[in-house]
There are 2 protein chains.
Amino acid sequence: MDILQVAKRARVSTATVSRVLNGFPGVRETTMARVRRAIAELNYVPNPHARSLRVGRTRLFGLIVSDINNPFFPELVDAFEALAAAEKIEVLFTHTNYDPRRLQSCVRRMIERSVDAIAVMTSEVDEPALEDAAKAGIPVVLMNQRRLASRYPNVPVEYASGFREALDHLLALGHRDIGFIAGPETLYSARARRAAFKTALKSHGLHVRAEWIAAGDMRVEGGRMAMEKLLACDPRPTAVLASNDLMAVGALQAAHAAHVAVPGSLSIIGFDDIPIAAMVHPPLSTIRHPRREVAARAFAALQLALKGAKPDACPALQPHLVLRNSTAAAPAARRARKGRRQAG
Amino acid sequence: MDILQVAKRARVSTATVSRVLNGFPGVRETTMARVRRAIAELNYVPNPHARSLRVGRTRLFGLIVSDINNPFFPELVDAFEALAAAEKIEVLFTHTNYDPRRLQSCVRRMIERSVDAIAVMTSEVDEPALEDAAKAGIPVVLMNQRRLASRYPNVPVEYASGFREALDHLLALGHRDIGFIAGPETLYSARARRAAFKTALKSHGLHVRAEWIAAGDMRVEGGRMAMEKLLACDPRPTAVLASNDLMAVGALQAAHAAHVAVPGSLSIIGFDDIPIAAMVHPPLSTIRHPRREVAARAFAALQLALKGAKPDACPALQPHLVLRNSTAAAPAARRARKGRRQAG
DNA sequence: AGCAGTTTTGTAAAGGATTACATCATCCCC
DNA sequence: GGGGATGATGTAATCCTTTACAAAACTGCT
């Protein structure tokens, strides 16, 4: 009975109050003022449930990420939320903690809340979960899930180009023995990065050595353990790419612990360019993942889908190498060139 | 008309369907089975808005933090969300970006969504915003806002004890000249930490030198600039406490840039113990802020408030010093003791 | 003043679930 | 077999907005 109270106080009908509330045209200035005053005096806030019950839309988007504790994601969340707020859309937010099976329950929860659309920004997606959303008529957008791109809107990121830049750089520094710290096989994004790494290696005519690829859990600890394995190889790589920055940081720690100088005896390049990358010692060279862009495209795709439009096949986003101080000439080449480049 | 379809198909009334849906007792087994089947066959999902419109509760909590990009917060958010999920409560989440004025619009947005309760976990709170919530009958809980503790439930954190531990440690290392990197005056938590620092200094009989207190913006950049100011002092402090870890990291960078060895010539202690603290070089000694505990207490307080109970005045949480490698004997004392303690 | 054409405003029907209360069916036992 | 207790189900009001449609109030003009 609440819009009715306002209506009474303003001596108009509920329809008029509603019109004022929603900015519909055709309400006289003076009436509008009266209604506004009544609203203010009564401290009236429209009931969102009555509204969405009637209208069918909730102006609520779901956002699911892999891991809120990985500093990669907060920036994405932040960007997504800012866009949403500008459109008066609220965001319901959860994470799967890298467990693809958890996606289904996340999606279900969102469906139960009847969000208008869901952005699934995880490293891996479990398809049945998406089908649930589809059945409920809720549009979905994915982050770089090529294998599902034909069935669901997708924001593609071309890992390969980033790795190519990184390899170009390492090759120019004389590195030929290059290792890789991969993510778990269960994550699509990890598999994709691993594949992109291999492709880039081969395209440069380099050999892929299986023992120079170690897998971690996408977190610091996993990176440290993976690096320990790589350091134990004989011969061992002179440079290592990591599948994300957290693992690169772990790699750095392992190198420190083993008294292997970075970048003196070992070059390390990360992936993502999270803020931490610039804070560790030496500052980490890394491949910048354009996450704000990803958020923007994802949001745009959802809005498009809500209008019933087909998603426009946008060109893939390109990550680029950001040089800091964790790379230097390869030890062998170094001797030859006599330390032309200094450690940070 | 949707529960009605189910009712028809199961040849019962909507009331019975509703009873089955909500697990109310007193429905015959066979009826229940029929209803269940109808629900399954029709793929029926109850409309959450119709439900909350009727019931008044949404099982939706609001959570407002200062800065999602500060790694202090994701862990708090994570903990809060996990507790909520266990209770089948969803979390609506935003941040003020350290701007107290933004709190009001955040709270308004939450009220408009008619959340059941709001956790305001920001460094500073703008009281009018809370009044809005109070007017709307929505319980609120704050993080360490002593000045408002009498009017709103509050999760107190006793900064002083953390600073005392830190000072004890520094004094034991022979430091007497101790500086402080404070946060902006506009943030209550920053003022509180500054006050706690001063109190701790005085209680140890040390002098507070105004020029040894520099303010930053709670981020890395601000910490760097503040440290530059402190380094320019003559004499300059031999140890510096920072109001949060991000600023401590900035301080570290400034020291590096100025070729001041940490901890050799300068000891630094942060506050919060965010993951980054362990990743920088040298690993940062810091005062651990018990944020998961804070989240748990905040959540509990809200649930209590929803039951209409008075919040129980819990004892303040105690932050503790976590020793890593950014502190060492004071330079003067060092000479005397001849480097008893090594730099990390 | 009266009429047509615009503007403004009002009326009342959705929208979908919950729930107090009423009703009907059963069952037990005298 | 009837009265009362108990159990199962149904009826209809309610929650609060939005909005199609109807009605009223203006405007300008003859």
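The largest nonpolar core in this predicted model has 200 residues. Such a core is a set of buried Ala, Val, Leu, Ile, Met, Phe, Trp, Tyr and Cys residues joined through C-beta atoms within 7 Å. Buried means that 20 or more other C-beta atoms lie within 10 Å of the residue's own, with C-beta atoms placed from the backbone. Ala251(A), Ala298(A), Ala251(B) and Ala298(B) have the most contacts inside the core. Beyond four places away in sequence, Ala298(A) touches Phe80(A), Ala119(A), Met121(A), Val141(A), Met143(A) and Val155(A); contact means C-beta atoms, placed from the backbone, within 7 Å.

Numbering runs from 1 along each chain as its sequence is written, and chains are lettered from A in the order in which they are written. Local features need pLDDT of at least 70 and side-chain atom pairs count only at pLDDT 80 or more, while totals for chains, interfaces and linings use all residues.

Next, the protein contact. Chain A and chain B give 33 residues each. On the chain B side, helix H4 (48–55), helix H5 (72–86), strand E2 (90–95) and helix H6 (100–112) each supply at least two residues. Helices (H or I, at least four residues) and strands (E, at least two) are DSSP runs, numbered from the N terminus.

Now the DNA. DNA strand C has 28 residues around it, and Val12(A), Ala15(A), Thr31(A), Ile3(B) and Ala50(B) come nearest.

How values were computed: A residue is buried if 20 or more other C-beta atoms lie within 10 Å of its own, exposed if 12 or fewer, and partly exposed in between; C-beta atoms are placed from the backbone. Two residues are in contact if their C-beta atoms, placed from the backbone, lie within 7 Å. A residue is near a molecule or strand if its C-beta atom, placed from the backbone, lies within 6 Å of it.
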